[in-house]
Amino acid sequence: SIGGGPLGLREGDVCFYKSSTHGWITAQAVRFRPEESTYDLDVKQQVPAQNIFCVREGERVEYHSASSGSWIPAQVVRGGGDGTFDLDCKDGVHISRIRPPQDYQPAAAPGPSHGSR
């Protein structure tokens, strides 16, 4: 079993892995390596947390709408155990029709904040 690590991923959890060649691809968590703070996924081993996107309740995602044929912003309402998710715009959406937002920045690497005063 894996202890979840900083992302709280459990064995079998569906997530996205940021591949240097293919961009975001769907993956499944296999285990967390506490000694190096990396994750083993089914598609790649020893992946740092900033290259993983967890599909979680309240998370912003993009959903591929069959009716419009385009990606639209959505929010995850709840996750199903079988790779499907209920979004604010549609229930039972398969992971293959979800992707991280194009402007997604991992919280692990905050950019400089400008003009926050």
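Predicted model: local features only at pLDDT ≥ 70, side-chain atom pairs only at ≥ 80, totals over all residues.
View 1. Residues are numbered from 1 along each chain as its sequence is written, and side-chain values use heavy atoms, with hydrogens and water left out. Of the 117 residues in the protein, 33% are buried, where buried means under 20% relative accessible area, exposed means over 50%, and partly exposed lies in between (1.4 Å probe, protein chains only).

**View 2. An open sheet of five strands, in the order β4-β3-β2-β1-β5.** The pairing in this sheet is antiparallel, and two strands are taken to pair if DSSP finds at least two bridges between them. At the edges lie β4 (47-48) and β5 (52-54), each of which pairs on one side only. Strand β1 (residues 14-19) is joined by six bridges to strand β2 (residues 23-33), with G23 in β2 as the bridge partner of S19, and a hairpin of three residues connects β1 to β2. Four bridges then join β2 to β3, where A29 stands opposite L41. The hairpin formed by β2 and β3 has four residues between the strands, and S37 in its turn has a positive phi of about 55°. Strand β3 (residues 38-41) is in turn joined to β4 by two bridges, and V47 in β4 is the bridge partner of Y39.

**View 3. The largest nonpolar core, with 13 residues.** A nonpolar core is a set of buried Ala, Val, Leu, Ile, Met, Phe, Trp, Tyr and Cys residues joined through side-chain atoms within 4.5 Å. The members that touch the most other members are L7, L9, C15, Y39, L41 and I52. At least two residues of this core come from each of β1, β2, β3 and β5, and β2 gives the largest share, three residues. Leaving aside neighbours within four places in sequence, L41 is in contact (heavy atoms within 4.5 Å) with residues including C15, Y17, V47 and I52. A second, separate core of 12 residues includes F16, F53, L87 and I98.

View 4. At 3% relative accessibility, D40 counts as buried, and its contacts, apart from neighbours within four places in sequence, are Q28, A29, V30, R31, R33, Q45 and Q46. The side chains of R33 and D40 meet in a salt bridge at 2.6 Å, N to O, a term that requires a side-chain nitrogen of Lys or Arg within 4 Å of a carboxyl oxygen of Asp or Glu. R33 also meets E36 in a salt bridge, at 3.7 Å, N to O. R33 is buried, with a relative accessible area of 12%, whereas E36, at 34%, counts as partly exposed.

**View 5. A salt bridge between R99 and E62, at 2.7 Å, N to O.** This pair links distant parts of the chain, with R99 in strand β10 (residues 98-99) and E62 in strand β6 (residues 60-65), 37 residues apart. R99 is partly exposed, with a relative accessible area of 22%, while E62 is buried, at 14%. Elsewhere, salt bridges that share partners join R31, R33, E36 and D40 into one network, and a search of the whole structure finds six salt bridges.
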